[in-house]
Amino acid sequence: MWRGLKPLGLDPGSGGYRRYAWTGADLECREWFRAQAESRGLVHEIDRNGNQWAWLGDPLAGDAVVTGSHLDSVPDGGAFDGPLGVVSSFAALDELRSRGAEFTRPFAVTNFGDEEGARFGLACVGSRLAAGQLTRQDAHRLRDGDGVPLPRAMEAAGHDPDAIGPDPERLARIGAFVELHVEQGRALDLSGDPVGIASAIWPHGRWRFDFRGEANHAGTTRLTDRRDPMLTYAETVLAARREAELAGGLATFGKIAVEPNGVNAIPSLVRGWLDSRAADQATLDAVVTAVERAAREHAERAGIDLDVVRESFTAVVEFQHALRDEIGRILGGRGTEGTGQAVPVLGTGAGHDAGILSASVPTAMLFVRNPTGISHSPAEHAAEDDCVAGVRALADVLEGLACS
């Protein structure tokens, strides 16, 4: 499966993946998913929001056990974020069949669309739409960096953009959703465990900062005569790091757009996107408030106009304790390596489809050890032995939840 998926959307220059929603690379990944489903005798289905499902058993019967993740990527992302969960889901089904396990509940593997939000700027679009956390009207307003609206992109890829929207009937038929994911940190590496269980997802969001100044000639305009928004943006980036350190949260300006974007031109607009996360809501609020306050102070001194818009936000997600405890019992009793040792439970600062669905469906997550902690990068990695341990752990969980 890895060999079949590896070349899809791979950029030879960066060595990273560019699997953006509703592009050719994304469609190739979707075709790969369909082929994996059909090769196993599963019924392949695409829902109204473009999410893919591979069903074993009657999807209308209810109380289904579902696993999976996503196949899209951030710009120049790694091979494991998302795809490891999808590949492991199919592999876990193969493992259960080799054990002779009999399913007593409907089962499905899923690929949620546009989880990373790399193209349209909003994460987890497919699951947000299904859960009713993104309206059709708001989704239709989304545009990519080239100004292409989401409806046009979906239509070009063969999907009806007017069909998207909440899908409560489908979600009501899911009794449990378990997402396996490579850990985006080093907690498991430090503890020496190949697999862990998620406790919660930190609250997090994205804020757009628009700094507006005055375009002018870089070679003729005196420094004292400039209204350069790039300087104010730079001060804000430094303030974000400082305030995050002080509060104990995280703050990152990882994306920027500049107009007119000329080497010899003072910018008229610098638009930067802040990603901020923290272990609790109070800390997150403190970080973002302090960053915005610093930005406005710098902007006022420099004669720069500033607009701040919150583009997305996800409150803290506590995975259902009953399901989490049941998974802990299953894995603790058998041991992910046959040891019978308790599996570690850890929080995460990264958002996931499981977090979005948690308001509608009992959800849980498994993490596979990442020896460097690097993610959203071509250097992202998980050792083969750990990936196998993840498959076996997921198979144990699915057997405990869905099989006799």
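Guide: Let us begin with a pair of helices, in which Thr232, Glu235, Thr236, Ala239, Ala240, Glu243, Ala244 and Ala247 of α9 meet Thr283, Val287, Ala290, Val291, Ala294, Ala295, His298, Ala299 and Ala302 of α10. Please keep in mind throughout that this is a predicted model.

Visitor: How do the residues of the contact of α9 with α10 divide into nonpolar, polar and charged?

Guide: Sorted by class, the residues in the contact between α9 and α10 comprise 11 nonpolar, 4 polar and 2 charged ones.

Visitor: At roughly what angle do the axes of helix α9 and helix α10 cross?

Guide: Helix α9 covers residues 229-247 and helix α10 covers residues 281-302, and their axes cross at roughly 150° while coming within 9 Å. Angles over 145 degrees count as roughly antiparallel, and α9 and α10 are therefore roughly antiparallel to each other. As for handedness, the crossing of α9 and α10 is right-handed.

Visitor: At roughly what angle do the axes of α2 and α3 cross?

Guide: The axes of α2 and α3 cross at roughly 10° and come within 11 Å, which makes α2 roughly parallel to α3. Trp32, Phe33, Gln36 and Ala37 of α2 make the contact with Val86, Val87 and Phe90 of α3. The residues of the contact of α2 with α3 divide into 6 nonpolar and 1 polar, with no charged residue.

Visitor: What shows where empty space is left?

Guide: The general idea is to roll a probe the size of a water molecule over the atoms, and this shows where empty space is left. In this structure, the second largest pocket has a volume of about 290 Å³. Its lining has 13 residues, and those nearest the centre of the pocket are Trp2, Val87, Glu384, Cys387 and Val388. The helices α3 (83-99) and α13 (384-402) each supply at least two residues of that lining. By class, the lining of the second largest pocket has 10 nonpolar, 2 polar and 1 charged residues.

Visitor: How many cavities of 30 Å³ or more does the count come to?

Guide: The count comes to 1 cavity of 30 Å³ or more, and about 70 Å³ of space lies in the largest cavity. The lining of the largest cavity is formed by Ala21, Trp22, Arg30, Asn49, Gly113, Asp114, Val125, Gly126, Leu129, Leu150 and Met154. The elements α4 (125-131) and α6 (150-156) give two or more residues to this lining, and α4 gives the most, with 3 residues. Sorted by class, the lining of the largest cavity has 6 nonpolar, 3 polar and 2 charged residues.

Visitor: Which peptide bond is cis?

Guide: The peptide bond from glutamate 259 to proline 260 is cis, and its omega is near 0°. Proline 260 lies in the loop between β9 (250-259) and β10 (265-266).

Notes. Residues are numbered from 1 along each chain as its sequence is written. This is a predicted model: local features need pLDDT of at least 70, side-chain atom pairs count only at pLDDT 80 or more; totals for chains, interfaces and linings use all residues. Side-chain values use heavy atoms; hydrogens and water are left out. On a 1 Å grid over the protein atoms alone, a cavity is a set of points where a 1.4 Å probe fits but cannot get out, and a pocket is an open set with protein on both sides within 12 Å along at least five of seven lines; lining residues have an atom within 4 Å of a point. Grid points are joined across faces, edges and corners, and a volume is the space filled by probe spheres set on the points. Helices (H or I, at least four residues) and strands (E, at least two) are DSSP runs, numbered from the N terminus. Ala, Val, Leu, Ile, Met, Phe, Trp, Tyr, Cys and Pro count as nonpolar, Asp, Glu, Lys and Arg as charged, and the others, Gly among them, as polar. Axes are lines fitted to C-alpha atoms, for helices over the stretch in contact, and angles run from 0 to 180 degrees between N-to-C directions. Angles under 35 degrees count as roughly parallel, over 145 as roughly antiparallel, 65 to 115 as roughly perpendicular and the rest as oblique. A crossing is left-handed if the near helix is turned anticlockwise from the far one by less than a right angle, and right-handed if clockwise. Contact means heavy atoms within 4.5 Å.
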